[in-house]
Amino acid sequence: MHATTVAVDLAKSVFQIAVADDQWRIIETQRLTRSQFERWFINRSVGLVIMEACGSAHHWARWLGSLGIKVRLLPAQYVRAYVRRNKTDATDAAALLEAARASDLRPVRVKSVEQQALQGLHRIRSLWMGPRTSRINALRGFCREFGIAIPVGARTGIETMGRILADPQSAVPDLIRHTASQLLEEIRLLEARIAQVERQLSMAAQQNPACTLLLSVLGIGLLTATAMVAATSGDVTHFADARHFSSWFGLTPREYSSGGSRYLGRISKKGDRYLRMLLTHGARSVLRAAKVAQGAGKEIQGVRRWALEVQGRSNHNKATCALANKLARICYATLRDHKLFDEAARLNRKENRQSFVMPH
């Protein structure tokens, strides 16, 4: 049997498939186990497989690709609109066939094993950062109840709490001192594990040319560079331009328009929340450094000056989002051109363009 297109609704152990002919009509449906699913594709001639970009989708896409089968991953949130009537595995598979026919629905690129491993390191680090923060805050609260004020800052706070718990003359009761010390040891263990993950990310960044390019952009550090490479593999050719790239992070205004009325609201917050958070933190860092330099009377040029001008006519948060958007667009240009970011050279080119006068 020669099937043109097969839609697959993925699950952990049960896979629903819908086989369509060249007219996109469903001619066969199957409900298969994991082993049956693998044998089915090995014994059939399939031209295209359509799946949602969900858990395990990239693994199966790589496996099907090794069999010479073309795979198209569709964003799950957009496929949902094509589900008719009740939601079942069969209707989900049929919805995939309908969604695949939409010309404006862009497929998701299949991630490599290295990309997913890099993303996994970031997820593990985030999972450890949460308990670390909650335990630091808990120790701060305990100390405050006994009249001890802990200074601001995680590093300073941990050092201060360590000295207080080690001092038998402090105001911390003996009843809680030993248990609080164990909580402090747990914080230090989490920090050691987080530092180990960051060392692994640093080693991966040194071996990746795309990370080297991104690290040349101001406001882009180790975490942002490696996370962006994990999401895009360092190839941005499938984005139409820098504006599409920044909107992919959800850093463009959300639009409410009808007729001749147009309203641009807050940022859309679509896309990867983690990457958007990293870009926003990088923008806050650049904006703060520019503000400090301005207070010291230093000359400020380029992106820093632009960000301060935006902050002057709006507010700090709007300037941060605008700068995060600009940083994303700079990252796009850096990856597209395969050149290190050189702000001084860019400013010189801009000044030369502005001073150029066309002859009569």
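The legends below describe several close-up views of a predicted model. Local features were taken where pLDDT is at least 70 and side-chain atom pairs only at pLDDT 80 or more, whereas totals for chains, interfaces and linings use all residues. Residues are numbered from 1 along each chain as its sequence is written, and side-chain values use heavy atoms, with hydrogens and water left out.

**View A. The buried side of helix α2.** In α2, which spans residues 57-66, the residues Ala-57, His-58, Trp-60, Ala-61 and Leu-64 are buried (under 20% relative accessible area with a 1.4 Å probe, protein chains only; exposed is over 50%, and partly exposed is in between). Helices (H or I, at least four residues) and strands (E, at least two) are DSSP runs, numbered from the N terminus. Just after α2, Gly-68 takes a positive phi of about 85°.

**View B. The largest nonpolar core and the surroundings of Phe-245.** This core has 49 residues, and those with the most contacts inside it are Leu-214, Met-228, Phe-245, Phe-249, Leu-279 and Leu-323; a nonpolar core is a set of buried Ala, Val, Leu, Ile, Met, Phe, Trp, Tyr and Cys residues joined through side-chain atoms within 4.5 Å. At least two residues of this core come from each of α5, α7 (174-206), α8 (209-215), α9, α10, α11 (273-295), α12 (302-313) and α13. Apart from it lies another core, of 20 residues, which includes Leu-10, Ile-17, Trp-40 and Trp-60. When its neighbours within four places in sequence are left aside, Phe-245 is in contact (heavy atoms within 4.5 Å) with Met-228, Thr-232, Val-236, Phe-239, Ala-328, Cys-331 and Tyr-332.

**View C. Two loop residues with positive phi.** Ser-233, in the loop between α9 (222-232) and α10 (242-248), has a positive phi of about 65° although it is not a glycine. With a relative accessible area of 39%, Ser-233 is partly exposed. His-338, also not a glycine, has a positive phi of about 55° and is placed in the loop between α13 (316-337) and α14 (343-355). His-338 is exposed, its relative accessible area being 60%.

**View D. The loop residue Asp-104.** Asp-104 lies between α4 (89-100) and α5 (113-145), in the loop that joins them, and is exposed, with a relative accessible area of 68%. Its C-alpha atom is separated by 61 Å from that of His-178, a residue 74 residues apart from Asp-104 along the chain.
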